[in-house]
Amino acid sequence: MTETLITNARIFVPGGWQEGDILIRDGHIAAIGEIPPQSALDLRPVTFDVHGMAIIPALVNGHTHLSQTFMRGLAGGRPLLRWLKELIWPLQGAMSEEVLELAALLGLAENIRSGAGSVVDHQKITRTAAFTEAIVRAAKKSGLRVTVARAWSDRGNGAESAQAILDELEGFFEQASSPSTSLRTNRVTFASGPLTPWRASAETLQKTHALARRFDSFTHIHVSETAEEVEMTFKETGLRPVAWLDSLGILDERSQIVHAVWVDEAEMDLLAQRRAPVVHCPVSNAVLGSGIAPIKAMLAKGINLRLGTDGPASNDTQDCFENMKTALMLARASSLDAAAVSPRQALEMATASGGLAVGQPADLCLVNLNSVWSAPTHDLDSALALCARASDVQALMVGGDWLMRDGKLVTLDEEDIIKEAQSAVKILRKKAGLDS
Ligand SMILES: [Zn+2]
């Protein structure tokens, strides 16, 4: 049995903040409050005095594409579909498994620095199963909780056969649920990742969703990111995308709806009734000029909202703090209402949590508020949601393991990864035909 005691902290708990200590035992939160240095079990826990740092639940990056760390800084004024065709798809097509693993390591290191303990990677490079395996290798090295949502499309460009999609998904689900899987491996899980409603057939959506349910997983899908996409589904089916997914019986608590920028009142009511989580990606939607999701209305309807950075190609980082502040700002600006999203609500969306409590897995993010942009602290919710930056993250713990401590990554060699990425991207650009 191992114990870690973090003392002298300001802790984000349901409904407010608590000053004191937090005791971690076997990967879980065992106590919060004034904890004597010697625990009830007579153990001497390893103790860290954090001198008033804020401890919040590890952030959740609800949607990204790790491959796109090699495609940052390219969204220079092209509309979504042209940007995909001219830049993103050629670069994706040129990636080898080794380069994809490196891109994923870089992206996971960035998520750790950003305070994210859980990441959903919508994994788009699926020419063979070996590409998804490369992501899994990187995820295991990082120690993060990573869900690999294996992307697929059985309609249009690059369509795969429904059977091939189902077979590969089933293989991954079985791999994750195998009893021989180690604890570290258990942090890596899989999901079904149809790209969009207009690139997936009704039948395969239903079959993959049923398969995901069987393995206690979920469907993760881009929906209504642009107005143009809504038109396409409406013309074809007579229904808007969220309503169409509902008509297929796959809109439920196990369908993560990514973007939902262009949803009407009736669709928002459906999202609330079916308890389908919405993953809001405010920075990506703004960078690509796609629009602003109506999250003030979504929160009022009780929709389960969380945040995603989206891939670095359209963000161009995976900075979860910037994403949180942008969610709050855009919601207020678009509704002309300074009370549209409170700092507390922004933190709850960013962490997909109402606060730390005894019994939860010890997924913690330690943030230094003694910085020139955060001090002095009047209100901790505002300090975290409006002042703090990703660079203030001092430590990240997942399941009781430190992935970052004292500002240094523990599981990944950051310098090495950056150096390798800088040289690998030159070769990738040539291979993709972007450089002669
Ligand atoms: Zn995306």
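How many residues does H11 have, and how far does H11 reach from its first C-alpha to its last? The helix has 16 residues and reaches 23 Å, close to the 22 Å expected at 1.5 Å a residue (the expected span being 1.5 Å times one less than the number of residues). Helices here are DSSP runs of H or I with at least four residues, strands are runs of E with at least two, and both are numbered from the N terminus.

A word on the model. This is a predicted model, in which local features need pLDDT of at least 70 and side-chain atom pairs count only at pLDDT 80 or more, while totals for chains, interfaces and linings use all residues. Residues are numbered from 1 along each chain as its sequence is written, and side-chain values use heavy atoms, with hydrogens and water left out.

Back to H11: its buried residues include Cys320, Phe321, Met324 and Leu328 (buried is under 20% relative accessible area, exposed is over 50% and partly exposed is in between, with a 1.4 Å probe and protein chains only). Just past the helix, Leu336 takes a positive phi of about 50°. Helix H4 (residues 162–177) also has 16 residues and reaches 23 Å. Ile165, Leu166, Glu168, Leu169, Phe172 and Phe173 are its buried residues, and their cover includes helices H3 and H5 along with strands E8 and E9.

Then there is the metal. His63, His65 and His222 (each through NE2) coordinate the zinc ion together with Asp310 (OD), at 2.1 to 2.4 Å. Donors are N, O and S atoms within 2.8 Å of the metal (3.2 Å for Na, K and Ca), and sites may look incomplete because water is not among the atoms. Along the chain the donor spacing reads H-x1-H-x156-H-x87-D. His63 sits in strand E6 (residues 59–64) and Asp310 in the loop between strand E13 (305–307) and helix H11 (320–335), so this pair ties together parts 247 residues apart in sequence. Both His63 and Asp310 are buried.

As for packing, the largest nonpolar core has 107 residues, and Phe70, Ile257, Met298 and Phe321 touch the most other members. Such a core is a set of buried Ala, Val, Leu, Ile, Met, Phe, Trp, Tyr and Cys residues joined through side-chain atoms within 4.5 Å. Helix H2 (residues 97–113) gives the most to this core, with ten residues. A second, separate core of 18 residues includes Val13, Ile22, Ala362 and Trp402. Asp246, in helix H7 (residues 241–247), counts as buried at 17% relative accessibility.

Most residues other than glycine have a negative phi, and most peptide bonds are trans. The bond from Asn315 to Asp316 is cis, with omega near 15°, and Asp316 lies in the loop between E13 and H11. Ala375 to Pro376 is also a cis bond, with omega near -5°. Positive phi values turn up at Asp26, near 45°, and at Arg275, near 60°. Asp26, in the loop between strands E2 and E3, is partly exposed at 43%, whereas Arg275 counts as exposed at 62%.

Conventions: Contact = heavy atoms within 4.5 Å.
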